[in-house]
Amino acid sequence: MNLFRKIFLGIGGTAVLIGMSLKVFPQENDGLSVAKKVADKVIADTHFAFTLVPQKEVLGLQVVDFRSLRPVSGQQVYAKSKLTAISDTVLSFGLSYAGQISIWINSKPVYDGENSVVKIPKEISYNRFTFNQRFSTGLKKGDNEIVIRYTAVEAGLPVVFLMPATKEGDLDTAAKFGSGIKEESQNTAWMLLGPLHKTQQLSLHAGLPDYLMEGTGVLNWAKSPQRFIPELETPANAAYQRDPYTDWHYSHGAMVWSIMALDADGKYSAFAKQYIDFTLQQIPYFGYQYNSLFAWRGSYHRIFRRTMLDDTGAPILPFSEWLLREKNAAVKELVMPIANYVANEQHRLKDGTFCRPEPVEFTVWADDLFMGVPFLLQMAEITGDRKYYDDASNQVLNFRKYLLDPATGLYKHAWFNDKRQQSAAYWGRANGWVAWANAELLAKLPRTHPAYKHVLRNFRQEMKALIAYQDKNGFWHQVLDRPDSYEETSCTALFTIALARGVREGWLNAAYKKNALAGWEAVKTKIDENGVVHGICQGTDIGYDQEFYMKRKTIDNDPRGMGAVITAGIEISKLRK
């Protein structure tokens with residue numbers, strides 16, 4: 001038999017074909033050695049450095065920034081741009097400002113008003129912003145000229161926020177701003193003029209002062225200044241290029257937290273400490289960049305957006321873990337406000353279940369069980385407050401109530417509270433997040449807690465259901481009940497974590513060990529000789545049909561699966577001891 005064509009997936013075997021070469025791991029240290037190899041690649045691909053980039057426009061939200069003109073109270077400044085519509089339409093705009101403004105489109109007045117206080121747009125969920133107020137106007141197909149006149153007030157911020165938006169605050173793509181120049185960077189779509197005194201106004205011509213017309217030679221428009229901002233750097237040879245590993249993200253938090261578990265005082269914990277210290281050093285400046293330069297998609301933006309568990313409960317995991325290891329005032333200063341957000345400000349249903357305002361209000365995402373429960377358990381240890389155990393166990397029981405399909409024993413990706421129905425698919429990673437969260441809860445919840453027996457019973461039922469969908473080669477599929485969907489690495493690793501820990505802790509009987517080992521052997525076939533993990537499904541919204549999930553791409557070393565792979569290796573190494 002040609003060994004270069006055979007893949008060994010036997011339960012007791014130790015040989016795995018990676019690429020086109022045979023890789024042999026020591027049996028007794030198999031899981032740990034592979035987990036360290038994966039972590040080593042993550043560390044090699046992490047740069048604690050920045051590069052300067054042009055500040056970019058965010059989701060069509062126009063930041064018309066007059067601060068470079070330095071207007072004083074009573075002075076007027078102007079901005080103009082081009083708004084290109086795909087057809088004749090009536091468009092709604094979100095608008096925020098403080099002061100007096102007038103807006104013309106194609107020389108026709110469309111808005112005139114005054115605000116004493118600016119409501120700086122806040123991203124309340126992915127790509128959805130709040131505004132002071134709204135107005136609607138008609139646009140003709142093609143190019144439309146828009147002119148804004150801003151009159152400064154002593155207490156006002158000389159910035160106007162304008163966005164073609166639906167009533168929910170989402171970008172309306174029926175029209176796009178631009179000045180005809182190639183740059184897509186923030187503000188360069190706008191030309192500025194001023195400041196001028198009110199007494200300089202001449203007679204109006206088609207709704208605009210004469211001296212604002214092109215070709216008069218009286219006053220000149222200038223392009224809004226381009227701003228360059230620091231952005232976290234990704235090495236050119238990194239396996240994963242979409243985001244730097246140093247950024248603040250739920251997947252990065254889970255990944256670094258998992259790396260910390262590889263040792264208590266060695267190089268992996270040292271890497272985590274470097275990650276933690278580096279982040280803490282950057283917070284003051286990047287807070288300014290987010291709140292004053294309005295870099296809503298700049299580095300670390302999620303730590304300041306703080307509107308969902310993706311921004312809070314999962315990214316904070318390595319920081320709160322470090323706080324459990326040693327007292328650190330700077331770490332605590334970051335952890336405690338996030339704990340307050342999760343406990344008191346996070347969107348919830350009336351019964352306290354975590355939910356999101358997307359894709360519609362009060363949607364329960366299976367992902368959020370992991371985004372919240374492990375952190376609640378850490379906070380229970382940090383504070384000694386039982387309320388965190390109560391909250392964590394309630395989340396697990398409530399998510400089961402809303403998301404479990406009794407016919408299959410699997411979890412749907414979401415629950416739409418407005419329609420009182422579940423979403424379409426049994427997405428693999430969503431079920432994996434539930435499995436990992438349940439395994440964390442069982443490991444930390446006191447056995448005397450009233451919910452412990454319920455959680456344990458449910459966990460056993462979940463594992464029994466899952467093994468029925470495990471492929472003969474050890475994998476689980478992207479859509480669990482669709483063997484025609486691809487073999488997916490992250491969910492296979494997540495289920496391996498739960499099964500291996502379950503057997504080792506005695507929550508499951510020994511018969512499940514073969515499923516855990518088969519899952520791990522499958523995961524290893526997706527790890528190449530450089531420690532790069534393949535076959536991880538990209539980040540995924542709530543899909544309204546199964547085909548949405550079937551067509552999701554996979555991305556090498558996507559951090560959304562890296563923490564699961566590393567933790568699976570750790571659990572397997574403990575299981576084999």
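Begin with the second largest pocket: 19 residues line it, and Trp257, Ala261, Glu440, Lys444 and Arg501 lie nearest its centre. A pocket here is found on a 1 Å grid over the protein atoms alone, as an open set of points with protein on both sides within 12 Å along at least five of seven lines, and lining residues have an atom within 4 Å of a point. The volume of this second largest pocket is about 380 Å³, a volume being the space filled by probe spheres set on the grid points, which are joined across faces, edges and corners.

The model is predicted: local features need pLDDT of at least 70 and side-chain atom pairs count only at pLDDT 80 or more, while totals for chains, interfaces and linings use all residues. Residues are numbered from 1 along each chain as its sequence is written, and side-chain values use heavy atoms, with hydrogens and water left out.

Next, select helices H2 (250-260), H5 (317-325), H9 (428-444), H11 (489-505) and H14 (559-575), each of which supplies at least two residues of the second largest pocket's lining. Helices (H or I, at least four residues) and strands (E, at least two) are DSSP runs, numbered from the N terminus. Colour that lining by class to find 7 nonpolar, 2 polar and 10 charged residues. In this scheme Ala, Val, Leu, Ile, Met, Phe, Trp, Tyr, Cys and Pro count as nonpolar, Asp, Glu, Lys and Arg as charged, and the others, Gly among them, as polar.

Move to the largest pocket, with a volume of about 1200 Å³. Of its 46 lining residues, Tyr126, Asp243, Arg297, His301 and Arg302 are the closest to its centre. Which strand gives the most to this lining? Select S19 (228-232), which contributes 4 residues. Strand S3 (50-54) and helices H4 (301-305), H7 (367-383) and H9 each supply at least two residues as well. By class, the lining of the largest pocket holds 17 nonpolar, 11 polar and 18 charged residues. Colour by domain: domain 1 (30-53 + 231-574) and domain 2 (62-226) each give at least three residues to this lining, with bounds that come from an automatic or database domain assignment.

Now show the open sheet of 4 strands in the order S4-S13-S6-S11, with antiparallel pairing. Strands S4 (62-65) and S11 (133-139) are the edges; each has a single partner strand, so one side of each is left without a neighbour in the sheet. Neighbouring strands are turned by 30° against each other on average, direction ignored, the axes being lines fitted to C-alpha atoms and angles running from 0 to 180 degrees between N-to-C directions. S4 is joined to S13 (residues 159-164) by 4 bridges; strands pair if DSSP finds at least two bridges between them. Zoom in on Val64, which stands opposite Val160 in S13.

Select strand S7 (residues 99-105), where 6 of 7 residues are buried, meaning under 20% relative accessible area, with exposed over 50% and partly exposed in between (1.4 Å probe, protein chains only). S7 pairs antiparallel with S8 (residues 108-115) over 7 bridges, and Gly99 has Asn115 as its bridge partner. The two strands form a hairpin with 2 residues between them, and Asn106 in the turn has a positive phi of about 55°. S7 also pairs antiparallel with S12 (residues 142-151) over 6 bridges, where Ile105 partners Ile146.

Finish at Asp528, in the loop between helices H12 (513-524) and H13 (546-550). Is Asp528 buried or exposed? Asp528 is buried, with a relative accessible area of 15%.

Definitions and conventions:
On a 1 Å grid over the protein atoms alone, a cavity is a set of points where a 1.4 Å probe fits but cannot get out, and a pocket is an open set with protein on both sides within 12 Å along at least five of seven lines; lining residues have an atom within 4 Å of a point.
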